[in-house]
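Visitor: Hi, could you walk me through this one? I have never looked at it before.
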Amino acid sequence: MSKCPMIGLYSLFLVIVTFSVADSGELSMGEITLDAELQKLKQAGIPTTIEELIPYKLPDEENAAVIYREIFKMKNSLYEKYKEEWDWIPYVGTKWWDWDKVPYEMKKRIADLLLNNDEFISLFKLLEKATSMKCQFLNREDYKNSKTILSDLSGIRSCANLLASKAKIEAENGEVEKALHTCLIGLKLAKSLNDPFAVSQLTRISINGIVAREIEKVLQKGEGNVNLYQSLIREIESERENNLTAYGLRGEIVIHLSYFSDQNKYIEKVIPKESIEQLSLPETEKEEIIKIYKDPEEFWGKQYLTYLQTASEIISLTKKPYWEVREPMKKLADKIQKLPKEEALMTQWLIPVPSPLFLRKARLDATLGNAELALALKIYKAKNGGYPDRLTQIVQDILKELPKDPFTGEDYVYHRVGYGFVIYSLGDNAKDDGGISAVEKRWQGDFDIVWKCEK
């Protein structure tokens, strides 16, 4: 991450663009083009400076990040104190994978540790407190000074796994409502990751997936109450509607824009000639790249313009649902790679590759849509004594509208099966594979994103 000082955007044009300003003071066509591209980002509500991206700093007493970091220390201390049991804790340790074969006495020790141990109880209480607060892991100065969030992300993810293990044990003990409440805390935990960078939002997506899958397993063990179902639906609905893709990309774009604030330092520090010579590229291609640095001002004018144009295209795609942007995103990625290096070398090296983030969010949306529908079906059963024949029967009284399959834009597939039901999204290939899940297919070939409830 660059440590170059930020300068005004208008001044930035004058520093890096080769086109001169006429004696009359009017901007040349090149600068107007740059200004137009920046305006596209601004009109799309995208920050273009770190100051705009991170407008304020939370006081420590209001910031959940302070509590989370204390929790991380507590968790590390508990690991050292209970190493033997820790290895068997579901989703956390290294020996739990075949849970059915874990010795009964060890299961009992783990349950006692997670549910009755005062130290673990204190940790879970702190987690619940933190999830009710605003959170800011990194402030503006942290971003400018290249501080990373990776250790915090690792800590938050481990807390999500610990919550999932607690919910699993609670459900197995017949405490379904407690397990669902633990899952509710997990959903709120994911929302604490509100730093506007792709890595934060990818972790947030992962945690939401962990929690949603645990809700499915908990509901196999029994029933909760309607109010709890409704609370879970509200959290799931708001997270499904959050545009995590756009939010994650905006920070990447701003940081890369800050690189352009001082092209000479950038060339010397980030991409010196020695670095290019060490790249795993054919010699002819290395020579071609080195040549384009001979006129750095012209180089940076073209590079900056291409970056802005590409960023504008990506942001416009983030506003549309996945089923509409799947093919345009592939075409854009192909277009970026085919652009000439004298115009787009930095774009090819630095632009966030949006397709994986789009796909991960679509898969999460499919899973969360399943969860929302499943919980709504549970509410319908509680009120009517059984599940409906069609999803449309849960609209209005329970859900305002049915979530759409992010891969097709159509309704989810729903079938009554015995005393329960199955719901599924058609998944990556947008084709109905008969409700066969990834687990059933061992993650090979085509499968759907499936939610099953046996009763």
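Visitor: What sort of model am I looking at?
Guide: This is a predicted model, where local features need pLDDT of at least 70, side-chain atom pairs count only at pLDDT 80 or more, and totals for chains, interfaces and linings use all residues. Residues are numbered from 1 along each chain as its sequence is written, and side-chain values use heavy atoms, with hydrogens and water left out.

Visitor: How many helices and strands are in the chain?
Guide: The chain has 20 helices and 3 strands. Both are DSSP runs numbered from the N terminus: helices are H or I with at least four residues, strands are E with at least two.

Visitor: And how much of the chain is buried?
Guide: Buried residues are 52% of the 455 in the chain. Buried means under 20% relative accessible area, exposed over 50%, and partly exposed in between, with a 1.4 Å probe and protein chains only.

Visitor: Let's do the strands. How do strand 1 and strand 2 pair?
Guide: Strand 1 (residues 413-417) and strand 2 pair antiparallel, over 5 bridges. Strands count as paired if DSSP finds at least two bridges between them. His 415 stands opposite Val 422 in strand 2. The hairpin of strand 1 and strand 2 has 2 residues between the strands, and Gly 418 takes a positive phi near 60° there.

Visitor: What about strand 2 and strand 3?
Guide: They run antiparallel too, joined by 5 bridges. Ile 423 has Trp 451 in strand 3 as its bridge partner.

Visitor: Is strand 2 covered or exposed?
Guide: Mostly covered: 6 of the 6 residues in strand 2 (residues 420-425) are buried. Gly 420, Val 422 and Tyr 424 point one way, while Phe 421, Ile 423 and Ser 425 point the other way.

Visitor: New topic. Where is Leu 162?
Guide: Leu 162 is in helix 9 (residues 150-172). Leu 162 is buried because its relative accessible area is 0%.

Visitor: Which residues does Leu 162 touch?
Guide: Leaving out residues up to four places away in sequence, Leu 162 touches Lys 75, Trp 86, Ile 89, Val 92, Leu 114, Leu 123 and Phe 124. Phe 124 is 38 residues from Leu 162 along the chain, and their C-alpha atoms are separated by 9.2 Å.

Visitor: What about holes inside? How many cavities of 30 Å³ or more are there?
Guide: The count is 1 cavity of 30 Å³ or more. On a 1 Å grid over the protein atoms alone, a cavity is a set of points where a 1.4 Å probe fits but cannot get out; a pocket is an open set with protein on both sides within 12 Å along at least five of seven lines; lining residues have an atom within 4 Å of a point. The largest cavity holds about 50 Å³ of space. Grid points are joined across faces, edges and corners, and a volume is the space filled by probe spheres set on the points.

Visitor: Which element gives the most to that cavity's lining?
Guide: Helix 9, with 4 residues. The lining residues of the largest cavity include Ala 160, Leu 163, Thr 182 and Glu 214.

Visitor: And the largest pocket, what is its volume?
Guide: About 1,300 Å³. Of its 36 lining residues, Arg 213, Glu 216, Val 439, Trp 443 and Val 450 are the closest to the centre. Helix 11 gives the most to this lining, with 8 residues.

Visitor: What is the volume of the second largest pocket?
Guide: About 560 Å³. The second largest pocket is lined by 23 residues, and helix 20 gives the most, with 5 residues.

Visitor: Last thing. Which way does phi go at Tyr 91, positive or negative?
Guide: Positive: phi of Tyr 91 is near 70°, and the residue is not glycine. Most residues other than glycine have a negative phi. Tyr 91 sits in the loop between helix 5 (83-86) and helix 6 (104-116). Its relative accessible area is 18%, so Tyr 91 is buried.

Visitor: And Gln 396, buried or exposed?
Guide: Gln 396 has 70% relative accessibility, so it counts as exposed. Gln 396 has a positive phi of about 80° as well, and is in the loop between helix 20 and strand 1.

Methods. Contact means heavy atoms within 4.5 Å.
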